[in-house]
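Subject: Structure handover

Hello,

Here is the structure I promised to pass on. Please open it first, then read my notes below.

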Amino acid sequence: MSVLVRKIGKAGRITLDRPKALNALTHEMVVAVTAALDAWEGDPEVRAVVLDGAGERGLCAGGDIRAIRESALGDGAWARSFWRDEYRLNARIARLAVPWVALMDGIVMGGGVGLSAHGSVRVVTERSRVAMPEVGIGFVPDVGGTYLLGRAPGELGTHLALTADAMGPGDALLCGFADLYVPSADLGGLADAVSAEGAEAVRDFARPAPDAALAEHRGWIDACYAADTVEEIVDRLQGYGEPAAKEAAERILSHSPTALKVTLAALRRARSLGSLEEALEQEWGVSLAALASADLPEGVRAQVVDKDRSPRWTPATLREVTPAEVARHFAKPSERLTLR
């Protein structure tokens, strides 16, 4: 089993246990976490749930994208089943009756964000690297990522989504992905304290966070990413006169043109949605549409299978991505996502 589940004192403890794969989520792991919550939901002894990851590298690097690629190259059934149960779990974490204490140490990306950043107590450390990097594999932020990114200050969420950049602890706090900073050396003591006293013990371990690196770049980020199209965003970045802005444009242009345009549309739409559940329902339709595209399996091939880092996107340029192709991702899906 790739998830360790146990009850210690007043806490349910969940440890993602695939350290060699950076605790990347499989369908079985999602089912196991859900089963743990089923068992603890009516247990008066469980006053908090603590989530962490095995190994020294991170909480979770995201979903098992190799398996998603294989599913996309086949009939897609596995990916649809995985996403359905994963998104349901994301929504459940957000409305859990007891505190969900997520220890976001090290790498926390994609599906790892979905398991942590919707919780009620989200802890980052000096080692935290938090990101929604989906555009780099021809996909679009999911697991409620558009909901979180859309609510970040100004246009910081747009910047993070289109560049696939990672946040350090200060930026994760600034952008609303985390609540508290705790040095990594103190996490063991924190977990023990929650088991003994409940989630309120976390506050005793909080320390002043490092500065948010993105804060000093708000000027050009807000000015450039407020544009209505990805093409205009890139033009503004390239012409702004700030080296960091030009570097951001280069990173954006390396990603899937289709994923970039769909991501921008998804973020703008998510801002007007009233709940995480609505955002997850939108992401469900977008994910199913992406599953039927060429860019998702190609992006995974280039990044993690062949590792040549040279994806051949279809189409290859932003100009070639039509409004109709973007709209296809927001059409009502034939399969409904029922969140419980």
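How many aromatic pairs are there? The count comes to 3. Keep in mind that this is a predicted model.

Two of those pairs are described here. In one, the ring centres of tryptophan 78 and phenylalanine 82 are 5.1 Å apart. Their planes stand at 15°, so this pair is stacked. Both residues sit in helix 3 (residues 77-94), 4 residues apart, which is about one helical turn. Tryptophan 78 is partly exposed, at 28% relative accessibility. Phenylalanine 82 is buried, at 1%.

Another pair joins tryptophan 83 and phenylalanine 139. The centres are 5.3 Å apart and the planes are at 10°, so these rings are stacked too. This pair links distant parts of the chain. Tryptophan 83 belongs to helix 3, while phenylalanine 139 lies in the loop between strand 8 and helix 5 (145-150). The two are 56 residues apart. Tryptophan 83 is buried at 1% relative accessibility, and phenylalanine 139 is buried at 5%.

Strand 6 (residues 107-109) pairs with strand 8 over 3 bridges. Methionine 109 is opposite alanine 131 of strand 8.

Now the cysteines. Searching the whole structure gives 0 disulfides. Cysteine 60 is buried at 0% relative accessibility, and cysteine 224 is buried at 1%.

Last, arginine 301. This residue is in helix 14 (residues 295-305). Is it buried or exposed? Arginine 301 counts as buried, at 8% relative accessibility. Leaving out residues up to four places away in sequence, arginine 301 touches Arg69, Asp306, Lys307, Asp308, Ser310, Pro311 and Arg312. Its side chain reaches the backbone oxygen of serine 310 at 3.5 Å. Glycine 239 is 62 residues from arginine 301 in sequence, and the C-alpha atoms of the two are 33 Å apart.

Best regards

Notes. Residues numbered from 1 in each chain as written. Predicted model: local features only at pLDDT ≥ 70, side-chain atom pairs only at ≥ 80, totals over all residues. Heavy atoms only, no water. Disulfide = S-S within 2.5 Å. Buried < 20%, exposed > 50% of the residue type's maximum accessible area, 1.4 Å probe, protein only. Contact = heavy atoms within 4.5 Å. Polar contact = N/O pair within 3.5 Å; in protein donor to acceptor, adjacent residues only side chain to side chain. Pairing = 2+ DSSP bridges. Phe/Tyr/Trp six-rings, centres within 6.5 Å; stacked < 30°, edge-to-face > 60°.
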